[in-house]
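Dear colleague,

Here is the structure I promised to pass on to you, and below it I have set out what turned up when I went through it. Please read the notes with the structure open beside them.

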Amino acid sequence: RLVKLGGRFSKLSAWNMQTHAVHMLRALVLVLHVELLLSNVVDFGGDALDLVKLIETKPRKIRFHEPLTSLSAPWQFHGDVSCEGAKSQQLRGETRCHGAAGPSGATSAAGSFERMSFARCMDDHRLARERQLPCLNISGGGWSFSQCYVVSAGGVAIHCMCQSEANFSACKIEGHGLGPKRCSRGVFAMDQSRVRVRGSKIRNSLFAILGTDAAKICVDESRIHNVSYAFGTDQNASVFVDNSVVSEVKLGVCISADVLQFSTLRITSSILQGPLWFGEGRPLHLDLSTNNSILLPPSHESNLQSYKNRKGPSAFLTPP
């Protein structure tokens, strides 16, 4: 009996050792897999040329931890790149995001930025305003920005062109203070670009939102304040605003280039505080009558009545 029990014990011990070895092997494989993933996450602290070289190696993610300044060359991102910033991080100077749009509008780049800070605050803010120098320049491709901060002194905070697709979620976009250091445009889209701003704040700017050349801009659940103009349309651009708050507008919540020019402006379920219109221009497709609260200064009450009188059944078309 002792011999039989000893044999069973030996078999049980061997089975336990084998099982333990399998678990150890699985754990080792898991650790190696995690290390492999982490090894492809790069902490960056160089200059603009170093960044270009790093992106060519196609890291899984690039992390920025400190303020970095580039005066000789812009920061450039391209391809499927993912970036993450820390609390004290800031890219100073112009930042360019490059991609390409195909004939069907499909984008060839899908970059993402999370908790990143972009700043272009030149000492000569007048030059930045005259030349409309951008802080964040998006040219083609698809890009997403989450919890990011974009600030410009005099120039354009965000410029989208070349059929870009850009999404901004929970971001803060602003000029560098008031007066001449405010930015000339918060979000400026052209060349059939598509931009969505959601849950974000735009302030201290001449124009908060400006679209031209068949661009489309959607603003949802956002706040715009301390601007001269909130929404501008020109040359077949479309601006859609929903569930947002616009306040402290100096000259006009809405501005359009020409009378009955082929653009679209629809504002729904929003609070608009300030002069409603600046100038006589109106988009062809116009809707400001759906669940909006329009709060006008006493001197601009006739502005709202003028809008109501002018908007007849044949004067304007309903937005598509």
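The side chain of Gln132 comes within 2.6 Å of the backbone oxygen of Arg129, and a polar contact of 2.9 Å joins it to the side chain of Ser184. Please keep in mind that this is a predicted model. Gln132 belongs to the loop that runs between α3 (125-131) and β10 (134-139), and with a relative accessibility of 27% Gln132 counts as partly exposed. Beyond its neighbours within four places in sequence, Gln132 is in contact with Val156, Ser184 and Arg185; the C-alpha atoms of Gln132 and Arg185 are 8.6 Å apart, although 53 residues separate the two along the chain.

Returning to Phe231, its contacts outside the four places on either side in sequence include Ile209, Val239, Val253, Cys254 and Leu265.

The whole structure holds 11 aromatic pairs. One of interest is that of Tyr229 and Phe278, which is edge-to-face, with 5.3 Å from centre to centre and 75° between the planes. Because Tyr229 lies in strand β20 (residues 223-233) and Phe278 in strand β25 (residues 277-278), the pair ties together parts that are 49 residues apart in sequence. Tyr229 is buried, at 9% relative accessible area, whereas Phe278, at 36% relative accessibility, counts as partly exposed. Elsewhere, ring pairs link a cluster made up of Phe44, Phe64, Trp75, Phe77, Phe113, Phe118, Trp143, Phe145 and Phe168.

Finally, Glu84 is a charged residue worth a look: where does it lie, and is it buried or exposed? Glu84 is placed in strand β5 (residues 82-85), and its relative accessibility of 19% makes it count as buried, since the cut-off is under 20%. Its side chain is joined to that of Arg115 by a polar contact of 3.3 Å, and, apart from neighbours within four places in sequence, Glu84 is in contact with Lys61, Ile62, Arg63, Phe64, Glu114, Arg115 and Met116.

Key: Residues are numbered from 1 along each chain as its sequence is written. This is a predicted model: local features need pLDDT of at least 70, side-chain atom pairs count only at pLDDT 80 or more; totals for chains, interfaces and linings use all residues. Side-chain values use heavy atoms; hydrogens and water are left out. Helices (H or I, at least four residues) and strands (E, at least two) are DSSP runs, numbered from the N terminus. Buried means under 20% relative accessible area, exposed over 50%, partly exposed in between (1.4 Å probe, protein chains only). A polar contact is a pair of N or O atoms within 3.5 Å; within protein, one must be able to donate a hydrogen and the other to accept it, and residues adjacent in sequence count only if both atoms are side-chain atoms. Contact means heavy atoms within 4.5 Å. Rings of Phe, Tyr and Trp (its six-membered ring) pair if their centres lie within 6.5 Å; planes under 30 degrees apart count as stacked, over 60 as edge-to-face and the rest as tilted.
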